[in-house]
Structures are given as C-alpha cells and as structure tokens.
Amino acid sequence: MASTNDLKNGMVLKLDGGKLWSVVEFQHVKPGKGPAFVRTKLKEVLTGKVVDKTFNAGTKVETASVDKRGMQFSYKDGEQFVFMDTDTYDQIMVDPKVVGDAANYLLEGFEALVAMYEGAAIYIELPASVELVISHTEPGVQGDRSTGGSKPATLETGAEIAVPLFIVTGEKIKVDTRDGSYLGRVK
C-alpha cells in the first residue's frame with residue numbers, strides 16, 4: 001500500500017478489482033478552498049486504455065510489485081517474441097499482445113525493459129528512440145510547395161513511417177518509438 005502523496009511516474013497501481021494501471025502523470029492540487037487532491041492520468045497495463053482519475057490527497061492505494069528487467073530481443077518464434085535476460089541468460093516467451101506496437105521497432109539484439117508481474121511479462125518499454133535502416137522508399141520529387149513534404153518509407157522491421165523527401169533507401173534514421181515519427185538522420 002502507498003499513499004497518493006507518494007505517486008511517481010511509471011508506478012503500477014492495482015485498482016478496480018485487481019486491474020493494473022501505470023501512472024503516466026500526476027499533479028498534486030491544493031485549491032484555495034476545500035481539501036487537497038491528486039489528479040492523475042493512468043494507463044491500463046494490459047489494454048493501453050488511458051483514463052484521468054482524481055484521488056483525495058493521502059488516500060491509500062494498492063501498488064503492484066512489478067519487476068522491470070533489462071532484456072535483449074533474441075528472435076521471433078512463430079507468433080511469440082523471445083527475450084533473453086541479460087543478467088541470467090534465461091529466455092522468456094512474450095505474447096504479441098504484450099509487445100504491441102513495440103514490434104514495429106524491434107530488431108534482434110535490441111535492448112528493452114520487460115515488466116514482469118507474477119512470473120508473466122505484462123508490458124515492454126523501449127528506449128525513447130531507435131536507429132533503423134530504410135529498406136524501401138520511393139525517390140522524393142520536390143515540387144513547388146512552400147513547406148517540406150513527406151513520403152512513406154518502410155523500415156527494416158517492416159513498419160511504415162513518414163519521412164522527409166530527401167531520405168533515400170538504405171539510409172539510417174532515428175525513429176521515436178512512442179509515436180513512430182522521424183527524428184533525423186544518423187551519421
């Protein structure tokens with residue numbers, strides 16, 4: 001158990017009959033009139049649904065002991081993703097639903113944080129950005145436009161993102177793993 005005054009980003013709470021919620025952001029509010037409260041944005045760990053929830057300050061909430069381990073993506077075995085614990089060299093199978101959109105940015109050997117709860121992987125955290133090679137994109141033709149344009153490009157993982165017109169096939173770029181946006185070239 002923890003108090004709502006102790007909340008931190010990334011903390012996992014057990015609410016609504018055992019559902020796991022990760023704290024995305026929180027704010028302590030002390031209005032001029034009335035009691036203080038804590039406004040939070042919570043993300044359900046299993047479904048990814050984000051909700052706003054308000055707690056009275058000092059309310060007790062149940063925390064879930066989630067073990068985050070640094071693991072390396074090894075390979076894909078059918079539908080399952082195989083990760084290796086970099087400390088113990090144990091391998092675990094992770095369901096594609098748990099990996100979710102992170103699959104668009106995973107290559108063999110990439111490091112990720114795998115959150116474990118009661119012996120099962122519940123979510124994957126990638127670094128904020130990854131470096132990937134463009135496997136295919138059409139040549140960009142700059143027309144008479146006043147702002148820079150973009151075009152679709154396929155990454156070496158198979159994911160498709162929008163890149164500026166000057167990017168060519170075979171170029172290494174930096175991609176934001178949170179929203180799949182182009183961040184820049186890698187030299």
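Predicted model: local features only at pLDDT ≥ 70, side-chain atom pairs only at ≥ 80, totals over all residues.
How many residues lie between β7 and β8 in their hairpin, and which residue in the turn has a positive phi? Residues are numbered from 1 along each chain as its sequence is written, and side-chain values use heavy atoms, with hydrogens and water left out.

**View 1. The hairpin of β7 and β8.** Two residues separate the strands, and G78 in the turn has a positive phi of about 65°. Strands are DSSP runs of E with at least two residues, and helices are runs of H or I with at least four, numbered from the N terminus; two strands pair if DSSP finds at least two bridges between them. Strand β7 (residues 67-77) is antiparallel to β8 (residues 80-85), with six bridges between them. M71 stands opposite D85, and K76 stands opposite F81.

View 2. Five residues lie between β8 and β9 in their hairpin, where Y89 in the turn has a positive phi of about 65°. Five of the six residues of β8 are buried (under 20% relative accessible area, 1.4 Å probe, protein chains only).

**View 3. The open sheet of six strands.** The strand order is β1-β6-β2-β3-β4-β5, with antiparallel pairing. β1 (2-3) and β5 (50-56) are at the edges with a single partner strand each, so one side of each has no neighbour in the sheet. Within the sheet, two bridges link β2 (residues 12-15) to β6 (residues 60-63), and K14 has E62 as its bridge partner.

**View 4. The largest pocket.** A pocket is an open set of points on a 1 Å grid over the protein atoms alone where a 1.4 Å probe fits, with protein on both sides within 12 Å along at least five of seven lines; lining residues have an atom within 4 Å of a point. The largest pocket holds about 890 Å³ of space. Its lining has 30 residues, of which K43, Y123, I124, E125 and L126 are closest to the centre. β11 supplies the largest share, four residues.

Terms used: Points joined across faces, edges and corners; volume = space filled by probe spheres on them. Buried < 20%, exposed > 50% of the residue type's maximum accessible area, 1.4 Å probe, protein only.
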